[in-house]
Amino acid sequence: MTSATMTGFRLPPAPDAPRLLAGWYATGRPASLSDHLRHYGPSPVTRTIGTRAVMPLLDALETAGLTGRGGAGFPTTRKLRTVAGGRRRAVVVVNAMESEPASRKDEFLLAVAPHLVLDGAVLAALAVGADTVHVCLPRTRSAQYQQLSTALAERRRARVDAVRLRLHGLPHTYVSSESTSLVRWLDGGPARPRGGPPRIEERGVDRRPTLLHNAETLAHVALVARYGPAWFRQAGTAEEPGTALLTVSGAVSVPGVMEVPLGKPLTTVLDLAGGPTEPLRAVLVGGFAGAWLGAAHLNTPLSRRGLAPLGAAPGAGVLVALPHSACGLVETARILGYLAANGARQCGPCHFGLPAVAADFTALAVGRADPVLLDRLRRRTALLPDRGACRHPDGAARLSASALDTFADDVDRHLDAGACPAAHRRPRLPVPPATPPETWR
């Protein structure tokens, strides 16, 4: 008899099999609590709240090498240990806002496997000594809110949780998913980032130590707790183990959300999405705050280590394929216009710098550049990073700089002869309207 059978858990998925999406592939339907328990077995939740009782979990997560899947790639246990060491009762926040317009991974994960995410949140709460878990969703996704309400009601009836879980609907702006934005909103303020110290791990919601992870990260926590760190490390690379959820879109045959071991080449990921529908000019990696990479870099591994030399990162788990028939400068100008409109307007880079960069890039894209535009654009782009109240301007600067490099031939063409023919074609990226948020509360 295997240890998995003895503890009541199902046998772990094979190394190459889906993990987070295993239940979805097995049944093709969203998992109720009973479905979840049949597939994964019970959660290894101790009824004793306190860090000593669950230190094995923290050790397991550290050995597993799990990093955050929300964008920054921060080591998961570093946050957990900081919060667990606080003097006041801790709080856990599930960040399911997913404000990145090109991403649908957390929305999809919560739709098909909500209890895997909630298991991980409860385990994390027990690990840091928290008595409350706040689940934050965008209020614009009413169907998702209703589905999570149903999942929480199932768990309350079954009495499977030793902590309180609360669901919240927040304004869905680009910066509302930033960690300090969620803390400010939960404390009764606007969903805008708060610059400067202290870190929320030290003083967050209600001035209490606060652990905040995105939905996918917490789902991985639940699987490591069930199957152990050695199983977790069977996928991915030695430096960056595990799988990641990706939203693949653009010029591919089967766009959607997929689960991929970290370290797979970008071209392999595109093949999993049915392959390109036409020759590619570039891919956008990481989302609107990510970077463009030319088609020559498609063999690059999907990992922080593999992408770092190119100035890119997996970010929010986004890969957008741009065909030769599209204009990368126009697409970038549309994104920058959206980012400029959706800044919190609390600092100079956000209030003045982003709109100026977006305006310059738009002039370049449509072929109305003046002789000094390129130098001015590069100078303004270089002034954005590390000066804002949050990292929003940094992401816009990264996108702008990567576009000027990846589409350098188009830049010269637009400067010398006006907009290229592709600039007049239908845009390919689903960029929301560049309108400021209606409310921050």
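## Helix H10

Helix H10 has 13 residues, which at 1.5 Å a residue should span 18 Å, and the 19 Å that separates its end C-alpha atoms agrees with this. The model described here is a predicted one. H10 is mostly covered, with twelve of its 13 residues buried; among these buried residues are Ala 215, Glu 216, Thr 217, His 220, Arg 226 and Tyr 227. Just after H10, Gly 228 takes a positive phi of about 95 degrees.

## Thr 217 within H10

Thr 217 lies in helix H10, which runs over residues 215-227. With a relative accessible area of 1%, Thr 217 falls under the 20% limit and is therefore counted as buried. The side chain of Thr 217 is joined to that of Asn 214 by a polar contact of 2.5 Å.

When neighbours within four places in sequence are left aside, the residues in contact with Thr 217 are Leu 66, Thr 67, Gly 68, Arg 69, Gly 70 and Thr 76.

## Helix H8 and what covers it

Helix H8, residues 142-158, can be examined in the same way: its 17 residues should span 24 Å at 1.5 Å a residue, and its end C-alpha atoms, 25 Å apart, agree with that expectation. The buried residues of H8 are Gln 144, Leu 148, Ala 151, Leu 152, Ala 153, Glu 154 and Arg 155.

Just after H8, Arg 159 takes a positive phi of about 55 degrees.

## Helix H14

For helix H14, residues 328-341, the 14 residues should span 20 Å at 1.5 Å a residue, and the end C-alpha atoms are 20 Å apart, which agrees. Because 13 of the 14 residues of H14 are buried, this helix is largely enclosed by the rest of the structure.

## The second largest pocket

The second largest pocket has a volume of about 430 Å³. Its lining is made up of 22 residues, of which Thr 140, His 172, Thr 173, Tyr 338 and Asn 342 are the closest to the centre of the pocket. Sorted by class, the lining of this pocket has eight nonpolar, eight polar and six charged residues.

Conventions
Residues are numbered from 1 along each chain as its sequence is written. This is a predicted model: local features need pLDDT of at least 70, side-chain atom pairs count only at pLDDT 80 or more; totals for chains, interfaces and linings use all residues. Side-chain values use heavy atoms; hydrogens and water are left out. On a 1 Å grid over the protein atoms alone, a cavity is a set of points where a 1.4 Å probe fits but cannot get out, and a pocket is an open set with protein on both sides within 12 Å along at least five of seven lines; lining residues have an atom within 4 Å of a point. Grid points are joined across faces, edges and corners, and a volume is the space filled by probe spheres set on the points. Ala, Val, Leu, Ile, Met, Phe, Trp, Tyr, Cys and Pro count as nonpolar, Asp, Glu, Lys and Arg as charged, and the others, Gly among them, as polar. Helices (H or I, at least four residues) and strands (E, at least two) are DSSP runs, numbered from the N terminus. Buried means under 20% relative accessible area, exposed over 50%, partly exposed in between (1.4 Å probe, protein chains only). A polar contact is a pair of N or O atoms within 3.5 Å; within protein, one must be able to donate a hydrogen and the other to accept it, and residues adjacent in sequence count only if both atoms are side-chain atoms. Contact means heavy atoms within 4.5 Å. The expected span of a helix is 1.5 Å times one less than its number of residues.
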